[in-house]
Amino acid sequence: MITAGNGKDSRSAEPAKGHPTLLIVSYSDIAKDARLRKQIDLFTESYDVTVYGFGEPFDTNAQLLLHDSADTRRTERIRAALLHAKQYRLAQHFEANNIAAREVLKGREFDVVLTNDIEPVGLAIELFGADKVHADLHEYYPGLHDQNPAWVKLRHPYYRWMLLNQASKAASVTTVSQGIADRYEKEFGFTAAVVENALPYMATKPGPVGDTIKLAHSGAALPNRSIETMMRAAAASSNSITLDLYLTGTGTPYYDSLWALAAELGPRITLHQPVVSEDLIPTLSQYDLGIHILPATATNNMLALPNKFFDFVQAGLGLIVGPTEEMSRRINTFNIGAVTKDFQLESLVETLDGLSTSQVEDWKRNSEVAARKLDVTSMLCVWKDAVDTIASDARTEIEVDAVIPVHRADRPVARAVASLFEGNKTKTRAIVIAHNIDVAVIEKALGSWADDPRVLLSSLVDHIPSPSGPMNHGFDLATAPFTTLLGSDDTLEPGAIDRWVTIANDAKNPADFVIANRSDTSGITAAVPPVRAGRRVWLDGAKDRLSYRAAPLGLLRRATFGKLRFPQGVFSGEDIEFSNHLWFSGANIAFAFGSPGYLVHEDQGVRVTTTLRSINDEFIWAGSVLDKSKPWMRSKHDRQAFIVKMLRKNVIDAVRNRVPDEWDLTAARQMQELLIQVFDMEPDAFGFLSKSEAELIAALLRGEQDSSRLESLLGAALNVHSVGSLLPVMMRNLFSAQAPLAYHLAGRTLVRQLRRK
């Protein structure tokens with residue numbers, strides 16, 4: 001049975017004038033799902049919202065399509081057989097909730113679809129297309145029940161399949177904690193922003209702690225939560241404490257067993273009927289401590305950051321939790337409670353025995369402060385930005401989004417923006433990211449461009465001095481078919497974007513990334529990357545030495561590389577890993593050499609990316625980039641190509657920037673340790689270096705500290721007119737693409753071609 005909320009069915013309802021349409025899908029009881037209610041409340045003012053789910057109607061401005069809870073009995077045997085046969089797409093098709101939702105939603109149209117949990121994502125993509133779907137993932141699904149071998153065998157591969165083939169294809173993704181987001185990025189390759197299960201700030205004033213410390217727990221009565229451990233510990237503690245529990249799950253055997261246990265344990269333990277969500281915080285605020293010991297029986301439990309954590313904080317309580325990652329980190333950050341040594345009864349009793357009135361009062365005061373910082377209002381913009389971006393994409397005609405990070409008021413960002421539109425007919429938008437600086441300051445620096453509808457100004461405050469954050473933020477906001485990066489100090493030459501788009505849209509060889517011609521204001525054009533003679537399309541990462549171009553300057557096709565992001569928190573070399581993913585992807589990489597391109601300006605002094613740091617800091621990227629699981633490290637051919645480039649450019653440049661005055665014992669030792677790591681990965685790379693390069697690298701491997709000696713070796717390595725600079729260490733590599741002869745000839749060929757132009 002379908003119930004349409006407010007007496008309307010969204011199939012015939014008129015959307016608000018000018019408002020985009022949003023479908024929110026969840027296979028849950030909508031009225032009782034706090035996270036869903038936040039989404040509905042957030043979007044009903046600016047979207048025509050339709051909600052599909054289960055349960056009873058409730059008061060809202062959204063259109064409600066509420067279905068009876070799906071009957072799984074008819075299809076479960078079929079699905080189980082299909083899962084055993086690894087026919088996951090068919091198994092998903094016959095899932096009872098999907099069958100019911102498909103019947104109701106098929107034929108409807110929406111600008112954006114927001115799915116909750118993993119199960120509806122595939123259906124949403126099937127009905128509406130991946131580019132319209134935002135997936136909100138509430139759990140770490142591969143670890144839901146990974147303590148159960150039968151579940152691991154049957155369900156674990158199915159969840160992985162859904163994540164790899166469906167969630168990763170959604171236009172954007174959010175999840176409930178950074179720990180889960182990190183796992184998804186590492187294991188499945190997609191980026192998930194974080195919206196925690198927090199609450200609005202409640203301004204609850206903590207009351208005094210009496211002679212008896214009052215503990216509370218609220219939530220579902222589920223066996224895997226070991227609620228009886230909390231009850232037995234409270235009863236056994238030598239401290240003067242009580243424990244009150246507000247549990248859902250009435251009528252289940254486990255629920256009934258907890259009532260029996262409470263009667264057995266005595267007056268310290270009291271079970272109550274659950275309270276409605278509106279009354280939960282006022283009810284909890286009467287207590288001193290919230291307690292939640294969630295055994296790490298499954299990986300998902302270990303990563304949990306549940307609603308009740310935020311309930312306790314907004315109620316002004318201190319907290320007692322087990323050693324789960326996310327909750328422990330926040331407990332320690334805000335000093336709002338205690339973390340037990342483990343999940344055993346004895347550890348919890350020990351923690352309860354050690355409580356003091358003054359300590360609990362301190363925690364409660366700190367919790368009041370934490371409540372302000374954990375206000376969900378500041379997190380909701382993550383959902384809003386993601387959904388707004390998809391809605392904008394559905395209605396926009398922008399062809400290119402140009403991302404311009406800016407971190408200082410004196411940067412000529414207005415000049416950079418102006419260059420995007422000079423000599424270009426392509427519909428372009430400038431996405432300017434004010435990074436760790438008041439957005440009003442950058443708005444002023446933009447001048448008249450701040451009011452131009454082709455300019456989107458956004459803010460990112462992450463307190464990290466790395467370009468990765470603002471560049472990724474800009475990519476998250478991008479909606480056009482193509483994106484490009486532009487430094488706030490630099491400009492594009494007139495007509496550059498038009499030329500790049502022409503190359504990218506070539507009928508015979510449409511490019512996935514167009515490498516920009518790069519020059520400076522003195523008129524010198526960089527012959528980088530030194531590609532094979534005459535090659536301009538379908539460039540090969542190794543044969544065309546693409547990794548010599550570290551900065552991904554040019555035009556990126558979002559359909560191919562829209563999920564790719566810069567490594568977070570890396571303040572040096574962040575572009576190397578990103579670019580290598582492009583160069584060694586097998587996609588069509590084109591080179592717009594000799595065309596209008598990217599113009600580097602040197603009139604703004606020190607750049608954030610060129611500040612001299614220690615060797616370890618300068619090569620902080622190496623640990624991740626040299627990971628053998630990365631595409632460019634898997635085959636010996638590609639691995640050699642990248643490592644030879646790393647030695648020839650990154651390592652030698654690091655020495656050139658330091659000798660003679662900045663080279664010391666620390667630099668020598670750190671460089672030696674780095675090179676040992678590099679040659680452990682690929683010892684044969686040494687044989688591709690020129691003889692003069694090899695002498696310098698060998699000295700560094702020995703830990704050479706004499707800066708004058710290094711300066712002499714460096715001069716020889718950089719002298720391209722000597723025999724020693726052209727012949728490789730191993731003569732069998734003489735004609736290899738990575739050997740010095742082919743490398744230098746390719747660069748000179750490009751220079752001659754440019755001169756003829």
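Q: What does "buried" mean, in terms of relative accessible area?
A: A residue is buried when its relative accessible area is under 20%, exposed when that area is over 50%, and partly exposed in between. The model examined here is predicted.

Q: Why is Glu618 called buried?
A: The relative accessibility of Glu618 is 17%. The cut-off for buried is under 20%, so Glu618 at 17% counts as buried.

Q: What makes Glu618 and Arg658 a salt bridge?
A: The closest N and O atoms of Glu618 and Arg658 are 2.6 Å apart. A salt bridge requires a side-chain nitrogen of Lys or Arg within 4 Å of a carboxyl oxygen of Asp or Glu, and the pair therefore qualifies at 2.6 Å. The bridge links distant parts of the chain, 40 residues apart: Glu618 lies in helix H24 (residues 615-618), and Arg658 in the loop between helix H27 (636-656) and H28.

Q: Is Arg658 buried or exposed, and how do you know that?
A: Arg658 has a relative accessible area of 3%. Buried means under 20%, so Arg658 is buried.

Q: What makes Glu682 and Lys636 a salt bridge, and which parts of the chain does the pair link?
A: The N to O distance between the side chains is 2.8 Å. With a limit of 4 Å, the contact between Glu682 and Lys636 therefore counts as a salt bridge. Glu682 is in the loop between H28 and H29, while Lys636 is in helix H27, 46 residues apart.

Q: How are Glu682 and Lys636 classed by accessibility, and why?
A: Glu682 has 1% relative accessibility and so counts as buried.

Q: What makes Glu196 and Arg330 a salt bridge, and where are the two residues?
A: Their side chains meet at 2.2 Å, N to O, and the limit is 4 Å, so the pair is a salt bridge. Glu196 is in the loop between strand E8 (193-194) and strand E9 (213-220), Arg330 is in helix H14 (residues 325-334), and the two are 134 residues apart. Both Glu196 and Arg330 are buried. Salt bridges that share partners join Glu196, Glu326, Arg329 and Arg330 into one network.

Q: Which residues of H14 are buried, and what covers them?
A: In H14, the buried residues are Glu326, Met327, Ser328, Arg330, Ile331 and Phe334. Their cover includes helix H8 (178-188), helix H13 (307-314) and helix H16 (357-373). H14 is followed by Asn335, whose phi is positive, near 50°.

Q: Why is H28 called roughly perpendicular to H29?
A: The axes of helix H28 (residues 665-681) and helix H29 (residues 691-701) come within 8 Å and cross at roughly 115°. Angles of 65 to 115 degrees count as roughly perpendicular, which makes H28 roughly perpendicular to H29. The contact is made by Met671, Gln672, Leu675, Ile676 and Phe679 of H28 and by Ile697, Leu700 and Leu701 of H29.

Q: Why is Val514 called buried?
A: Val514 has 1% relative accessibility and therefore counts as buried. Val514 is found in strand E20 (residues 513-515) and touches residues including Trp500, Ile503, Leu553 and Leu555.

Q: Why is Ile99 called partly exposed?
A: Ile99 has 32% relative accessibility and so counts as partly exposed. Ile99 lies in helix H4 (residues 96-105). With Ile78, Leu90 and Phe94, Ile99 forms a nonpolar surface patch with about 300 Å² of accessible area together.

Conventions
Residues are numbered from 1 along each chain as its sequence is written. This is a predicted model: local features need pLDDT of at least 70, side-chain atom pairs count only at pLDDT 80 or more; totals for chains, interfaces and linings use all residues. Side-chain values use heavy atoms; hydrogens and water are left out. Patches are made of residues with over 30% relative accessible area and no salt bridge: like charges are joined within 9 Å, nonpolar side chains (Val, Leu, Ile, Met, Phe, Trp, Tyr) within 5 Å. Accessible areas come from the Shrake-Rupley method with a 1.4 Å probe; for residues, only the protein chains shown count as cover. Helices (H or I, at least four residues) and strands (E, at least two) are DSSP runs, numbered from the N terminus. Buried means under 20% relative accessible area, exposed over 50%, partly exposed in between (1.4 Å probe, protein chains only). Axes are lines fitted to C-alpha atoms, for helices over the stretch in contact, and angles run from 0 to 180 degrees between N-to-C directions. Angles under 35 degrees count as roughly parallel, over 145 as roughly antiparallel, 65 to 115 as roughly perpendicular and the rest as oblique. Contact means heavy atoms within 4.5 Å. Lists of a residue's contacts leave out its neighbours within four places in sequence.
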